[in-house]
Amino acid sequence: MNRFDYIRPATVSEAVTAAAVPGSAYLAGGTNLIDLMKGGIVSPRRLIDVSRLAGLDRIEPLPDGGVRIGARVRNADLAHDPTFSKRFPVVAEALLAGASAQLRNAATVGGNLLQRTRCAYFYDPATACNKRQPGVGCDARGGENRLHAVLGWSESCIATHPSDFCVPLVALDAVVEIEGKAGRRQVALEELHLLPGTTPERENVLAPGELVVAVRLPGAAARFATRARYLKLRERTSYAFAMVSVAACLHIEDGVIAEARLALGGVAAKPWRARAAEAALADARPNPDGFRRAAEAALAEAHPSGDNAFKIELARRIVVRALALAVAGTPERVPALPASPFAPIPGGAIHD
Amino acid sequence: MSLSINLTVNGMRRKIELDDPRVTLLDLLRERLDLTGTKKGCDRGQCGACTVLLDGRRINSCLALAVSNDGAEVLTIEGLAQGEALHPVQVAFIAHDAFQCGFCTPGQIISAVGLIREGQAGDDPERVREGMSGNLCRCGAYRGITEAVLEAQRSLAQVGREEAA
């Protein structure tokens, strides 16, 4: 790990001022940053420790029925907050499907949004990675890439964003509050992360030194509470990143889908909102044919970036399964194996 | 740069001068406080061998900078027994052969203590397995580990009932 100066500001404005110095990075839970520093993948000269900043650790109800989550709320605390998990169960399920209990106890909300890709080439300084070192090429292209992106990738970069938490958040219209030298601004989570294009080193719209201070969910997001599921397919049942994941949220009135929300994880450099699929589901009765059409719409623009064509059909099937589970209803409690696609579907199998 | 922090480690207040902010909580415990029960496995947050309780919550001490945890309370495997009397989780690990080589065991035991405190798993073996998935055991003693956690939880609940009575 490189040497660095350690700075612990007392306020958000002190933090933003300190982080404006080039070479600075914010430290909160450290579960991603310290790992990256140990691997020599990033080497900030200054760490600005925001892990104890006052005012960023609350889960507050909003007047519209929504919620404001402070950026340094720990993943475990949010997932186990009884009011939050009742109103936004799909977010709690996604949180509990991520990482391990130890990591969820340390990792923060803000850090989860800004975590880096787990592309093995990004993590290996002996290989070429345009994200790590712009312009050197991408060894993931033509390499071991069966888990890489199938949507929104470019010749420069085929990495995925690894967050589970972000998937239901983007489906539910989450908004990110950001503090910078010019004051506070807010950005829809859907607009926070950038697709790689020719500049994969630019991963989000934050300016240098800007700090995520909170994430908000609107009150309207709570109307999906009774029919919302997160499903995550991984290479082992627990403590692994998603190959493909999906958040499916339905609001059903008189047997008809009044509104649907759908987002995918593990498929692109950002949490992927599937608006065409949402439109395909709306105003129809929930049924397997409709789910399949929605899944086709969600993946219409997908194409393999390597040995990962199988992920596209896998994603379609996981969309269908998540929608069927959402119709069956949100369980009273997050299942023993959160987001597991192996759980039986009430009402019977949806395919052979 | 000299950085001074205070930590309460296994109930004892320690004032620590750090000569380098890079020192992780794990390296501080092992290399400077001679508490080598907490193990360094992967050192990257993947194996759970370094699990300690930080302010009562289980974390990977390899990914925590010591300097960032000024004022915290740390519980390691060395602080679990009361004198010669083993903690119920330790007793249960022995009773159920919940280890072979023993390298992951301090992390497994501290993680189990954290899991029981969290109170989310109940008596469901599936929830226990899921809750312990951050602790790898390359000997594959998982079956004994799950049984030990469930039994320790029952005996701690029993102690709790007796103390309340």
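In this predicted model, helix 2 (residues 88-95) and helix 5 (residues 142-164) of chain B pack with their axes 8 Å apart, at an angle of about 140°. Helices here are DSSP runs of H or I with at least four residues, strands are E runs of at least two, and both are numbered from the N terminus. Axes are lines fitted to C-alpha atoms, for helices over the stretch in contact, and angles run from 0 to 180 degrees between N-to-C directions. That angle makes helix 2 of chain B oblique to helix 5 of chain B (under 35 degrees is roughly parallel, over 145 roughly antiparallel, 65 to 115 roughly perpendicular, and the rest oblique). From helix 2 of chain B, P88(B), V89(B), A92(B), F93(B) and A95(B) meet A148(B), E151(B), A152(B), S155(B) and L156(B) of helix 5 of chain B, contact meaning C-beta atoms, placed from the backbone, within 7 Å.

Turning to chain A, helix 11 (residues 288-298) has F291(A), A294(A), A295(A), A297(A) and A298(A) buried, that is, with 20 or more other C-beta atoms within 10 Å of their own. These residues lie on the same side of helix 11 of chain A because they cover an arc of only 160° around the axis, taken from the directions from the helix axis to the C-beta atoms. Their cover includes strand 11 (256-265), helix 10 (275-281) and helix 12 (310-328) of chain A.

Residues are numbered from 1 along each chain as its sequence is written, with chains lettered from A and ligands numbered from 1 in the order written. Local features need pLDDT of at least 70 and side-chain atom pairs count only at pLDDT 80 or more, while totals for chains, interfaces and linings use all residues.

Conventions: Contact = placed C-beta atoms within 7 Å. Buried ≥ 20, exposed ≤ 12 C-beta atoms within 10 Å, placed from the backbone.
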